[in-house]
Amino acid sequence: MRNGIDIDVVLDEKYENPKVTIHAKEKNEQVERIIEAIENAVSVENQPVPVFTGDNVEFIPQRDIVRVYTLGRKIVVENDNESYFANRTLTGMEKILSSKCFIRISQSEIINIYKVKKFELSNSGTIGVEFYNGKKTWVSRSRVKAIKELIKGNI
């Protein structure tokens, strides 16, 4: 049992594609979140992102990306441990990243909201962002309202 949820995996050759059945007393918020998580996991929207490491191209699953930001004229894609370069503009990255997981926090940065450990709201109106990997960044003033709405919507 994981987090109060029983998960059984039954392997059967008669199924060409996975079939998911959810058993619950009622359809509640937890069930809705499970459905959404499954839909997101198989969505075309969550396609891997091509990045460059030297002369090689690797494909990183979107769920592993912490943030995407500009560094000079380059686009950096960062996961928990490494940084890569992408051959797209930040706007181009925004178009391929899942809008359910990623949000633009400034003119030069997009973050994965599921990799955020905490938002630090200051009295001066700024918002700091701390990720589970220990790195920190800031929300630009022009994006503060959108982040506050996101935070209120998830509480």
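## Leu 97 and its neighbours

Leu 97 touches Val 49, Gln 62, Ile 65, Val 68, Phe 102 and Ile 110, leaving aside residues up to four places away in sequence; contact here means heavy atoms within 4.5 Å. Leu 97 also belongs to the largest nonpolar core, a group of 16 residues, where Val 49, Ile 65, Val 68, Val 77, Met 93 and Leu 97 have the most contacts inside the core. Such a core is a set of buried Ala, Val, Leu, Ile, Met, Phe, Trp, Tyr and Cys residues joined through side-chain atoms within 4.5 Å. Buried stands for under 20% relative accessible area, exposed for over 50%, and partly exposed for the range in between, with a 1.4 Å probe and protein chains only.

Two or more residues of this core come from each of β1 (49-53), β4 (74-78), β5 (83-86) and α2 (90-96). The largest share, three residues, is given by α2. A second, separate core has 11 residues, including Ile 105, Ile 111, Val 129 and Val 144.

## About the model

This is a predicted model, in which local features need pLDDT of at least 70 and side-chain atom pairs count only at pLDDT 80 or more, while totals for chains, interfaces and linings use all residues. Residues are numbered from 1 along each chain as its sequence is written, and side-chain values use heavy atoms, with hydrogens and water left out.

## The chain as a whole

Let's step back for a wider view. The chain holds three helices and 10 strands, following the pattern α-β-β-β-β-β-α-β-β-β-β-β-α along the sequence. These elements are DSSP runs numbered from the N terminus: helices are H or I with at least four residues, and strands are E with at least two.

The C-alpha atoms fill a box of roughly 55 × 45 × 25 Å, taken along the principal axes. Of the 155 residues in the chain, 30% are buried. Among contacts between residues at least 6 apart in sequence, 37% join residues at least 24 apart.

## Strand β7 and Glu 109

Strand β7 covers residues 109-112. Both of its faces are covered: Glu 109 and Ile 111 on one side, and Ile 110 and Asn 112 on the other, are all buried. In a regular strand, side chains alternate between the two faces of the sheet.

β7 has two partners to meet here. Strand β3 (residues 67-71) pairs with β7 in the antiparallel sense over three bridges, with Val 68 facing Ile 110 as its bridge partner. Strand β6 (residues 102-106) is joined to β7 by four bridges, again antiparallel, and Ile 103 has Ile 111 as its bridge partner. With two residues between them, β6 and β7 form a hairpin. Two strands count as paired if DSSP finds at least two bridges between them.

How buried is Glu 109? Its relative accessible area is 7%. The side chains of Glu 109 and Thr 137 are joined by a polar contact of 2.7 Å, that is, a pair of N or O atoms within 3.5 Å; within protein, one must be able to donate a hydrogen and the other to accept it, and residues adjacent in sequence count only if both atoms are side-chain atoms.

## A three-stranded sheet

Further along, three strands form an open antiparallel sheet in the order β8-β9-β10. Its edge strands, β8 (116-121) and β10 (136-139), each pair on one side only. Five bridges join β8 to β9 (residues 127-131), and Glu 120 has Gly 128 in β9 as its bridge partner.
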